Amino acid sequence: MSIEKVARFAGVSTATVSRVLNGYKGVRPATRERVLAAIAACQYQPNLLARQLRTSQSHMLLVLVSNIINPFCSRVVRGIEAEAEAHGYHILLCNSDSQTQRESAYLTLLSGKVVDGVITMDAASNLPELRQMIGDSPWVQCAEGDPDVAGSSVTIDNQQAARAAVQHLAQRGRRRIAMINGDPRYLYAQQRELGYRSALAELGLSWSGVEYANEVECEAGFAAMKRLLEAKEPPDAVFTVSDVLAVGAMHCARQHQLAIPEDIAVLGFDGLPWSAMLSPPLSTLEQPMHQLGTRSVQLLLQRIQDPLTPQVHERLPCELVVRASS
């Protein structure tokens, strides 16, 4: 199938089809949608090598994630992919496990011009090393961002979100509020723990208890909750930094014959769709996962098209969703 046939199918010129494929601005949304529908209907496959030679761009974006099985990451990646495709780009998804050696290997794709830019969702706190490997190439930090490290970022206010979690639990009469945190190497874990501890201090609550889960998995949440409940003075509420960890924590509480929320309240983080279907439905801090992905692509494409575009550090809103678990 040729570009000329796609143009005839869509009722536009070949130049318009080319502009859509190359992500250029100036194409009306309705026309863009018609061209994209024609491309799909005709099963058109552009010659990416020819286009790369012609434009010095691959129209590929590298997306580095630290844990692809984390459902939070997968939902953000869906936003990245949808926005990239809307601008004629494809993504190359790589799971780094926060290993510098693996990241370095993937980032050779930049110097080889296989990709035009990078979106990192790597939560490890080795961003200075990552920045050095990326060099002057276009780069955006998504969901995990440090404004002190060069490169635009799209995140939430993790400290404020954690404070909101503690304040909510305290308003419900809880006084022994524990935290199940992620790996302390990760920026989000550091920031949320700062928010947790500052909220306790502001509320005059002296009791605190933090357990760490090195993996965002139900089993890790169960193990962390078990340690908390078997302490001399167990908590009456638990704030977890992931809905996945909250599932394990709730299961552990039930095994200890505790009713939720009567005996212990549980509050998660992320706002994954199935959190409302747990028993009881899980209170959570809902992140704008799809928007984090789409906005990171928009910022990256601005840098690709104009390397002198100023760096941007955006914080998107995070909403407390109160349900029966708290």
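Modeller: This is a predicted model. Start with the open sheet. It has 6 strands in the order β2-β1-β3-β4-β5-β11, and the pairing is parallel. The edges are β2, residues 90-95, and β11, residues 313-315. Each has a single partner strand, so one side of each is left without a neighbour in the sheet. From one strand to the next, the twist averages 15°.

To find the spot on screen, pick Val154: opposite Val154, in β11, stands Glu314.

Helix α7, residues 127-134, touches β1 (60-65), β3 (117-121) and β4 (139-142). The direction of α7 makes about 155° with that of β4.

Follow the chain on from β4. The loop between β4 and β5 holds Ala143. Phi of Ala143 is near 75°, which is positive, and the residue is not glycine. Is Ala143 buried or exposed? Its relative accessibility is 12%; the cut-off for buried is under 20%, so Ala143 counts as buried.

Next, the nonpolar cores. The largest has 72 residues. Met121, Ile177, Met225 and Phe239 touch the most other members. Take Met225 as an example. Leaving aside neighbours within four places in sequence, Met225 is in contact with Ile180, Val238, Ala249, Cys252, Ala253, Ile264 and Val266. Another core, of 15 residues, lies apart from the largest one. Among its members are Leu64, Leu107, Leu130 and Trp139.

Strand β9 deserves a stop, with the loops on either side. The loop between α11 (243-255) and β9 (265-270) contains Pro261. A cis peptide bond joins Ile260 to Pro261, with omega about 10°. In β9 itself lies Asp270. Phi of Asp270 is near 120°, again a positive value in a residue other than glycine. Asp270 has 4% relative accessibility, so it counts as buried. Between β9 and β10 (283-286) comes a loop with Pro280. The bond joining Ser279 and Pro280 is also a cis peptide, with omega about 0°.

Then look at helix α12, residues 289-305. How far apart should its ends be? At 1.5 Å a residue, its 17 residues should span 24 Å. The end C-alpha atoms are 25 Å apart, which agrees.

Last, step back to the whole chain. It has 12 helices and 12 strands. Along its principal axes, the C-alpha trace spans about 75 × 40 × 30 Å. Of the 326 residues, 52% count as buried. The accessible surface comes to about 14700 Å², and 51% of it belongs to carbon and sulfur atoms. Consider contacts between residues at least 6 apart in sequence: 71% of these join residues at least 24 apart.

Notes: Residues numbered from 1 in each chain as written. Predicted model: local features only at pLDDT ≥ 70, side-chain atom pairs only at ≥ 80, totals over all residues. Heavy atoms only, no water. Pairing = 2+ DSSP bridges. Helix = DSSP H or I, 4+ residues; strand = E, 2+ residues; numbered from the N terminus. Axes fitted to C-alpha atoms, helices over the stretch in contact; angles between N-to-C directions. Contact = heavy atoms within 4.5 Å. Core = buried A, V, L, I, M, F, W, Y, C linked by side-chain atoms within 4.5 Å. Buried < 20%, exposed > 50% of the residue type's maximum accessible area, 1.4 Å probe, protein only. Expected span 1.5 Å × (residues − 1). Areas by Shrake-Rupley, 256 points an atom, 1.4 Å probe, with all protein chains shown as cover.
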